[in-house]
Amino acid sequence: MTFSREACWFPTETMLPPQLRKHRRVLLVLTALLFVLSLLLWFVNIGQQPFTASRSTRDLLWQEPWPERQIHDTDPQSGVTIVHYVWSGRKRKFVFRDCLSLLSVVRVLQPLKIIFHYSTMPQTDSYHSWLLELKSSIPGLEFKQANFGSSDLMDIAFEILPPEGGVVIGNGAVLSRPPPHPAVTPISLFLATFASDPSQGIVFASKSLKELPASDLNKAKSASKKQCVHVDAYDSDLRLVSHAHCVIMASDVLPRDIYAEKTPSAELAQWIFYGRRALQVAKQDFRNPIPRISHYVILDGGKDVSSELRFPHFLNILSALYVGGFERVYLHAETAPRGHWWEELAGENVTVVKADRPRSVYQTEVKVIQHVSDVLRAEILYKYGGAYQDFDVTWTKRVPDWLLAYPTVIDLEVEYNKASSDWPDIFNNGVILSRRHAPWLRHFLESMRDYRDDDWAYNSLRMSYRTFEHYPDTVYIDKYLQVMCGETVCHPSWGVSYDTKVLPLSAPFPLRQEARSFHLGRPRPQASLASLDSVKHTHDAFADIGRMVLEKSGRKNLLG
């Protein structure tokens, strides 16, 4: 049986009853209009929904006890079971401050259910996916669409609280301590709102506000503005740390602003986001150092890589052994290297390991060769530990022992992040130092459950950084680990501005005194490192580095 293309979309005249054949064109137009309308409705519906890509679920059911910051419910009759969280953000992103606000409800009040009231769902993007993460991590989180006539938290509490009362939280308010427990301080209403924005704060009522006398309402309102304070006041007045019930964080606060800070608000945010009230920084363990072994991944069909080992790659392998201080280099290759410069490595501590190219990750096909390398390098480091570096990385300083005492060491991406402006920072995985079975590597591999082969930077650069945001105590960021260079411009990741530009036009090169390695991205190879002759006769920073590597490896004779 065969079908015409037209028949697949709309019946032909012979397929229609006689009375409808003359209206065939009208029916065709109506069908097309209905199809377009259904598409429009679908897009509108998608716009109302949170970002739906999957994220790793976080364990929010465990937290370090902090008695003065969390409620102590032992009696189901008097405990907090339901909290109403009111989103008044309209067309606004659910940013990290909002994440802290909603998560503080879990940490401080520990309710059985949180009802998220919204008129318009919060907006999300690639970075601001905090609400999605909370949806998959808070078992009792429910969503309910509502249109309130006022943004004032008291007015909203009048509308939504049932006869038995309850708790209403306004978005943006981060709870810092629970309301007075009725068994200790018997009150019918507790109100804490922010002085300049009555939509932010907390309402705690033992019964519906409609049933409370006006005297109770007025008393609560007069005391409320002392109970919810801005973060600057909270950090500067220790009395507020002991008495304020909610804190209004800065709208642009990010995980990088809290994990290593010692202010009262940072300690509160650390407990809320990480479940622990301590600095979330990586610690050194000199008894379990990162092994001094180096890994390269060489895949057939890779850019600027062939089975014949080229001079720049020969130079970089030597730099790992004689400059970086690694005791052995492993080449994880699909095809064994060959050629003159490979033969020059005879007798060196270089071992070729047959690489089995991963075809999928968590049952998702991996096609892009750079992504194949991303997966393979993470798996290799997790199994063996050591250093991974791209084949266009040249070591210029020995990796110090104190750096190898951290569980994982990585650097920030500078150049590419200009095109990823919605992310505050991202990682450059061109150089990674790690112990075997390091926690960050495990979490990073788990993040690949949300794998995107069509987005070059998503998993390797962005999700590696998101993994750090969730587990900052598993990674040490060494801003001197590598300097990314492209064309005639290098981008050091230290200093006030990440996009600092240094033109390597002449030696001596000032960055060489600080950087541990140079990642020479474009062009490949750098003209002054393309061949032995160019290293011998070119007088610029890169050729100077090449001569240094040859000298340290005992090959000064090659320079003539």
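Residues 24 or more positions apart account for 72% of the contacts in this protein with a separation of 6 or more, a contact being heavy atoms within 4.5 Å. The model is a predicted one, in which local features need pLDDT of at least 70 and side-chain atom pairs count only at pLDDT 80 or more, while totals for chains, interfaces and linings use all residues. Residues are numbered from 1 along each chain as its sequence is written, and side-chain values use heavy atoms, with hydrogens and water left out. Here is a friendly tour, starting with the whole chain and ending with two single residues.

**Overall make-up**

- The protein has 18 helices and 22 strands; these are DSSP runs numbered from the N terminus, with helices being H or I of at least four residues and strands being E of at least two.
- Of the 560 residues, 54% count as buried, where buried means under 20% relative accessible area, exposed means over 50%, and partly exposed lies in between (1.4 Å probe, protein chains only).

- Strand 17 is mostly covered, with 5 of its 5 residues buried.
- Strand 17 runs antiparallel to strand 18, with 4 bridges joining them, and it pairs in the parallel sense with strand 19 over 2 bridges.
- Val409 has a bridge partner in each of these neighbours: Leu433 in strand 18 and Tyr476 in strand 19.

**Helices around the sheet**

- The axes of helix 13 (residues 369-384) and helix 15 (residues 439-447) come within 10 Å and cross at roughly 145°.
- In this meeting of helices, Ala378, Glu379, Leu381 and Tyr382 of helix 13 touch Leu441, Arg442, Phe444 and Leu445 of helix 15.
- The residues of the contact between helix 13 and helix 15 divide into 6 nonpolar, no polar and 2 charged, with Ala, Val, Leu, Ile, Met, Phe, Trp, Tyr, Cys and Pro counted as nonpolar, Asp, Glu, Lys and Arg as charged, and the others, Gly among them, as polar.

**Two residues to look up**

- Ser517 is found in strand 22 (residues 517-522) and is buried, with a relative accessible area of 0%.
- The side chain of Ser517 reaches the backbone oxygen of Leu481 at 2.7 Å.
- Ser517 touches several residues beyond four places away in sequence, including Val393, Trp395, Val431, Tyr480 and Leu481.
- Ala205 sits in strand 7 (residues 197-205) and counts as buried at 5% relative accessibility.
- Ala205 and Ala157 are 48 residues apart in sequence and 9.1 Å apart in space, C-alpha to C-alpha.

Definitions and conventions:
Axes are lines fitted to C-alpha atoms, for helices over the stretch in contact, and angles run from 0 to 180 degrees between N-to-C directions. A polar contact is a pair of N or O atoms within 3.5 Å; within protein, one must be able to donate a hydrogen and the other to accept it, and residues adjacent in sequence count only if both atoms are side-chain atoms. Two strands pair if DSSP finds at least two bridges between them.
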